[in-house]
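Trainee: I'd like a close look at one part of this model. Please keep it brisk.

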Amino acid sequence: MKAGKLAILPFVALVRFYQWGISPFLPSACRYSPTCSQYMIEALKTHGLFKGLWLGTKRIASCNPWGGSGYDPVPPKRCSHKH
């Protein structure tokens with residue numbers, strides 16, 4: 001397993017624990033699709049630990065009555081090839 005994948009595992013596990021152990025007992029409140037917890041997992045898997053946490057945290061912070069709503073996918077990873 002690559003070091004980057006290994007680094008995100010504890011964070012993905014925490015989000016999965018929230019999804020399976022806490023979220024079912026709370027009223028549905030996420031204003032976005034995909035949900036904020038799924039967005040965090042996708043951001044971590046796509047962008048790695050630091051950028052993934054940053055994107056996921058920004059999304060969670062905007063999930064409030066004065067923030068956004070609707071379809072908001074994780075942005076794709078930018079290609080770093082230089083020609």
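Trainee: Is Cys79 buried or exposed? And what does helix α2 look like, residue by residue?

Mentor: This is a predicted model, so local features need pLDDT of at least 70 and side-chain atom pairs pLDDT 80 or more, while totals for chains, interfaces and linings use all residues. Residues count from 1 along each chain as its sequence is written, and side-chain values use heavy atoms, without hydrogens or water.

Cys79 is exposed, because its relative accessibility is 60% (buried is under 20%, exposed over 50%, partly exposed in between; 1.4 Å probe, protein chains only).

Now α2. This helix (a DSSP run of H or I, at least four residues; strands are E, at least two; numbering starts at the N terminus) covers residues 36-47. Its 12 residues reach 16 Å from first C-alpha to last, close to the 16 Å expected (1.5 Å times one less than the number of residues).

Its buried residues are Cys36, Ser37, Tyr39, Met40, Ile41, Ala43, Leu44 and His47. Their cover includes α1, β1 and α3 (contact means heavy atoms within 4.5 Å). α1 runs 3-22 and β1 32-33; α3 is 49-62.

Take Cys36. It counts as buried because its relative accessible area is 10%. Its closest cysteine sulfur is in Cys30, at 3.4 Å, so the two are too far apart for a bond. A disulfide needs sulfur atoms within 2.5 Å. By that rule the count is 0.

At the other end, Gly48 follows α2, with a positive phi near 90°.

Leu26 is partly exposed, because its relative accessibility is 46%.
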